[in-house]
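Subject: Structure for you to look at

Hello,

Here is the structure I said I would pass on. My notes on what turned up in it follow below.

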Amino acid sequence: MNDDSTGDGPPVPGSQWYDADAGPLVRPYAMTGGRTKPGPSNVRFDLIALVVVDDEPPGPAEEALLGPEHRSLLTLCRAETQSVAELAADADLPVGVVRVLLGDLLESGFVRVSRPVPPAQLPDERILREVIDGLRAL
């Protein structure tokens with residue numbers, strides 16, 4: 001008997017976890033252990049928050065203890081700094097799952113997160129225009 005989803009041909013690696021018609025067979029709650037909040041500190045990850053691998057992350061032995069989704073996110077972060085939304089898209093995971101997994105990685109010291117500047121703290125557009133006009137007048 002074959003292990004692929006169609007029943008035809010040789011078994012496809014990983015086919016027991018994925019069905020072409022149904023999609024992933026591992027449900028999001030299984031990836032997060034049923035958790036919906038990112039870590040004990042309940043950190044809130046904005047969609048545009050930037051995630052980078054920490055300068056001194058734990059070693060390979062600790063990384064080996066992580067789940068495959070955690071390692072996938074780390075691989076994506078090592079390639080380049082990405083936002084939470086980009087990580088979710090590139091990992092093909094729901095944003096809620098990515099937030100929980102990132103909370104685990106943050107708590108373990110694998111990643112750092114740069115939070116976006118709140119709109120209330122951004123400079124007023126009028127002031128920026130006055131600065132630009134002043135620079136042009138020089």
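Where in the chain is P116 found? P116 sits in the loop that runs between β5 (111–114) and α6. Please keep in mind that this is a predicted model.

With a relative accessibility of 27%, P116 counts as partly exposed. Leaving aside residues up to four places away in sequence, P116 touches D46, I48 and A49. P116 is also 7.9 Å from L50, C-alpha to C-alpha, although 66 residues separate the two in sequence.

Confidence

The average pLDDT of the chain is 75, and 67% of the residues score at least 70. Residues 1–5 have a pLDDT below 50; in the model this stretch has 16 contacts beyond near neighbours in sequence. The pLDDT is also below 50 over residues 9–17, a stretch with 15 such contacts beyond near neighbours in sequence. Where pLDDT is low, the predicted coordinates should not be read in detail.

Helix α4 and the residue after it

Helix α4 covers residues 84–91, and V84, L87, A88 and A91 are buried in it. Why do the buried residues of α4 line one face of the helix? Seen down the axis of α4, they fall within an arc of 100°, so they line one face. As a general point, an α-helix has 3.6 residues a turn, so residues three or four places apart point the same way.

What do the buried residues of α4 pack against? Their partners are β3 (50–53), α3 (68–79), β4 (82–83) and α5 (95–108).

D92 follows α4 and lies in the loop between α4 and α5. Its phi is positive, near 55°, in a residue other than glycine. For background, most residues other than glycine have a negative phi. Is D92 buried or exposed? D92 is exposed, with a relative accessible area of 64%, and the cut-off for that class is over 50%.

A nonpolar patch

Which residues make the nonpolar surface patch? The patch is made by I127, V131, L135 and L138 and has an area of about 450 Å². One of these residues, V131, is placed in helix α6, which spans residues 125–137. V131 has a relative accessible area of 46% and is partly exposed, because that class lies between 20% and 50%.

Regards

Note on methods:
Residues numbered from 1 in each chain as written. Predicted model: local features only at pLDDT ≥ 70, side-chain atom pairs only at ≥ 80, totals over all residues. Heavy atoms only, no water. Buried < 20%, exposed > 50% of the residue type's maximum accessible area, 1.4 Å probe, protein only. Helix = DSSP H or I, 4+ residues; strand = E, 2+ residues; numbered from the N terminus. Arc of directions from axis to C-beta. Contact = heavy atoms within 4.5 Å. Patch = residues over 30% accessible without salt bridge, like charges linked within 9 Å, V, L, I, M, F, W, Y side chains within 5 Å. Areas by Shrake-Rupley, 256 points an atom, 1.4 Å probe, with all protein chains shown as cover. Salt bridge = Lys/Arg side-chain N within 4 Å of Asp/Glu carboxyl O. pLDDT = per-residue confidence, 0-100.
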